[in-house]
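Thanks for coming. I have one structure to go through today, and I will start with a question once it is on the screen.

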Amino acid sequence: MGFIHPYDRPNSYIGRTLPRSRAKRAVAGRGRYTDDITPPRTLHAAFVRSPYAHAKILNIDVEAAKDASGVKLVMTGSELAEMCTGPWVGTLKVFENMKAEPQHPMAVDRVCWHGEPVVMVIAETRAQAEDAGELVVVEYEELPVVINKETALDPGSPVIHANLGDNKAWEHTLGSGDVDKAFEEADHVLEETFYFGRHTAVSLEPRIVLCEYDKGTEQLTIHTSSQCPHMIETVFAQTLGVPEHNVRIVAPDVGGSFGLKIHTFGDEIAATAAAIQLGRPVKFVADRLESFLSDIHARENRVKAKIGIMNDGTMIAAEIDDLSGVGAYSQYPRTSVFEANQILNISFGPYKHPNYRARAQVVYLNAVPTSQYRAVGHPIGISVGEFMMDWAADVTGLDPFEIRRKNIMEDDSYPRPIGSGIPMKDLSHQACLEKLYGLMAYEDLLSEQTELRKKGIYRGIGVAGFIKGTAPSPVGYYGAGGARIAAQDATTVKLEPSGGVIVALGVTDQGQGVDTVMEQIAAAAIGCSMDHVRAISGDTDATPYGGGTYASRATAIGGEATYQAALDLRREILHMAGILLQADPNELDIVDGHVVNDGSNEPRIPLSEIGRIGHFQLGELPNNYQPVLSHTRRYRLQDSPYIYTNGIHGAYVEVDVDTGWIRHLKHWVVEDCGRIINQQLADEQIRGGCVQGLGGALYEHCIYDDYGQLQNGTMADYVTPMMSEMPDIEIDHIQTPTSESELGAKGAGESGTGAAPGVVMNAVNNAIKPLTDGRVTEQPITPEIVLGALGKI
Amino acid sequence: MSEEMITVNMTVNGEAVSKTIPVRTHLVDFIRTELGFTGSHLGCEHGVCGACSVRVDGDVVRGCLLLAAQADGCEVLTIEGITDTGEISDLQEKFVERNALQCGYCTPGMLMTAAELLAQKTEMSRDDIREYMSGNYCRCTGYHAIVDAIESINNERLGG
Ligand code: FES
Ligand code: FES
């Protein structure tokens, strides 16, 4: 059979921009988010949270709260702990020597961060639950607070968890070559220290669970805004001692997630325990202040970097020393050390320097636990590496593009490892760089910049290349680390009696368009029309077990599973058609929902007939043939730890040198995410990612005072990007399919967030360069920091 | 302490409603939980994000900052209402075609404000659109596609 790959067929759905069906209902206000679902007799949870960053709980008096109007249950941390199989310990075996304190879902005898849940109140309405919460009296004895990562390892520092000995969660080093010798031989050695502020996801829809327990069947059903329903099923089952097969997790429409919603949270466990105890539905929605105090935070790093450069601009060595301040506990089940680990892995990743050394120290703080948020570690590693590259360009008199041309790995040089030892393949730094040069009309920008400077207008041009780890393998972290987190994913593709196709996905859709992309893949692989394919995702009772959507994996991993399952179904259809038509299946094809003669496309039998016969009229088939009209395939990466992608950003900003105010005028991205299934959806992932990265680079900061009190827990005080502050973002692609899969797709969801902070920092520094030797080395880049770099304050 | 109640009467999406509710109920909680119109969303409940935008007597307001009791006697329209009237069907189609939404949580509020902007029927630059729409936060799209969609409908409407 002349089987043509779906992406080579004329009018293939692969590579086409098609709209999302979920979008159609969302614009009509008919999206269905968890809070839109309220079963009869639903009760509501509210939490009493710790006002202190670190304190002993001496006594909890809940009597008045219990008597308050509408209250059905008041539960303390120790009562909840009795309903749980044990505390969580956020370690993974792969992180050697990592230490973590066991964590209860709600505080038991000690609170370790401002906002930790202490008591849960369940009432008929949320307002009643909150009212009753105010009647709970908790007596605390304050304990010394550790909030400054720089002093957390000092010998005199208070220790948060005495059992751990000190505040260190993990220390790790890696590298290659002889770094010290290279620094000695280098013509220039450049050193700088960088600071990255703590931020958080701020999904517009907050975390939410709606828990229902059926005491008859002992089934637990949780509707929740989650990226990883199967993982939630596993963790909730294990924590509450409910058999996993009795747990059903449904993630309906999810109002933004960005990594926040791959985690498990104690307040959600508590609400579930209440539903089990009361036998009534219980809903918990985090309000915005609670979100700031309990959603995972991210970043909070100090990074020292050092590079060795030759006079011709060749970088011969790079060194990174990271200090990460995580929260009071290591977030279960993924840990809080990935951010540091990724910084070590990817810093200077586009470049072929032969000597690399990187160290991370991760310390606990009395603050909200940190964990994976979009582009884990990458914004930091990329900002640092790209800053150093621009500085090296200044020192050696090269243009930023020129120094990158000199140092990037050549497109024909793969496979090869980078300095951290991670293997790279199928990358295209050179092609992306040249495309960006044209896309942003670099030379025109340079002349405009020069002209405007004469008028006292300071504009800066930034460039930042990157690598991004996507779609992790089971050998890398989770599987090998012992966590019950799937890095494989699965899709079931089935032919319905109508001839329509159902695609049931282990991966999930939070608006990226995963469902649509999978429908495109399945329709293309089978040979039917998109109208006849419908994806189902986000329901653990209806979909095969998978990891869900995290780490830019849905299309890269779930897409390949869908592709292979759809090809299996296609083969079965052709086999059955061959029997019915007494034809050689190799001489048949499927086009537009019809089995046709291969080559001539002469229609022979429609899929609706195959569906009808296959489900109802099996007597028309030989006795020894039972058609299998439902196929499940799994896919995982094999030897590679990740599917790496690459790309490069450009930015054009204007800095008001009197006020320090930054106007971001234009942003460009050239990205290689492998085979693109739906270009508009890929582009919008990148655009949204960029703006999230720009938020972290310019505005977002969870600010703690010396007592560990979060100072800015509202959206008025914690500032995310608004429409007027953000630029238009122009996008282009290079497509180098990954050789890991047949489909060839890589991840695209996070790289915008990864590289945008670095490029905007470089652009700001480029803008102020004529006026100062100072440089901006801290994010978020507030006007104050710009004025500091300008020497004005 | 027993809850203080109040009876409110208003027209919501063309239908007269009368309900007795706790006085402290804000307008969007009222619309969502008492009336079942779940298209208006709550992102912050302190007046910043715009996800709760609804139209009260012709003006787009933050439904989380208004008590339901304050809207007594008013004409309230939500995304469901202006969808049914077809007032912004062109813009809704463009949002879908241009993928000017991802998770869709901000979208009803975004469309309420955009409807108000487009009703001005004037020439506007991309910067003008960005400025006007800045009170509606989106965490997913990066805004570019939203500006595209509004710009192209404004051009179509002015041209047509
Ligand atoms: S919910 Fe009203 S402005 Fe955010
Ligand atoms: S589409 Fe998700 S917040 Fe706007």
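In strand 27 of chain A, which residue is the bridge partner of A:Ile648? The partner is A:Val670. Please keep in mind that this is a predicted model.

Strand 26 of chain A covers residues 643-655, and strand 27 of chain A covers residues 662-672. The two run antiparallel and are joined by 10 bridges. In general, strands of a sheet pair through backbone hydrogen bonds, either parallel or antiparallel.

Both strands belong to an open sheet of 4 strands in chain A, in the order 18-26-27-28, and the pairing in this sheet is mixed. Which strands stand at the edges? They are strand 18, residues 458-470, and strand 28, residues 728-733, both of chain A. Each has a single partner strand, so one side of each is left without a neighbour in the sheet. From one strand to the next, the twist averages 15°.

A helix goes with this sheet. Helix 13 of chain A, residues 442-454, lies across strand 18, strand 26 and strand 27 of chain A. Its direction is at about 145° to strand 18 of chain A.

Next, the aromatic rings. Over all chains, a search of the whole structure finds 14 aromatic pairs. I will show two of them. How are the rings of A:Phe95 and A:Phe338 arranged? Their centres are 5.1 Å apart and their planes are at 85°; a pair with planes over 60 degrees apart counts as edge-to-face, so this pair is edge-to-face. The pair links distant parts of the chain, 243 residues apart. A:Phe95 is in the loop between helix 3 and strand 4 of chain A, while A:Phe338 is in helix 9 of chain A, residues 338-346.

Are these two residues buried or exposed? A:Phe95 is buried, with a relative accessible area of 3%, and A:Phe338 also counts as buried, at 4%. Ring pairs link A:Phe95 and A:Phe338 with A:Trp170 into a cluster.

The other pair is A:Phe292 with A:Tyr718, and this one is tilted: 5.1 Å centre to centre, with 50° between the planes. A:Phe292 is in helix 8 of chain A, and A:Tyr718 is in the loop between helix 18 and strand 28 of chain A, 426 residues apart. A:Phe292 and A:Tyr718 are both buried.

Last, charges over rings. The charged end of A:Arg334 sits over the ring of A:Tyr550, 4.4 Å from the ring centre. Likewise, A:Arg405 has its charged end over the ring of A:Tyr437, 5.0 Å from the centre.

Note on methods
Residues numbered from 1 in each chain as written. Chains lettered and ligands numbered in written order. Predicted model: local features only at pLDDT ≥ 70, side-chain atom pairs only at ≥ 80, totals over all residues. Heavy atoms only, no water. Pairing = 2+ DSSP bridges. Axes fitted to C-alpha atoms, helices over the stretch in contact; angles between N-to-C directions. Contact = heavy atoms within 4.5 Å. Phe/Tyr/Trp six-rings, centres within 6.5 Å; stacked < 30°, edge-to-face > 60°. Buried < 20%, exposed > 50% of the residue type's maximum accessible area, 1.4 Å probe, protein only. Lys NZ or Arg CZ within 6 Å of the ring centre and 35° of its normal.
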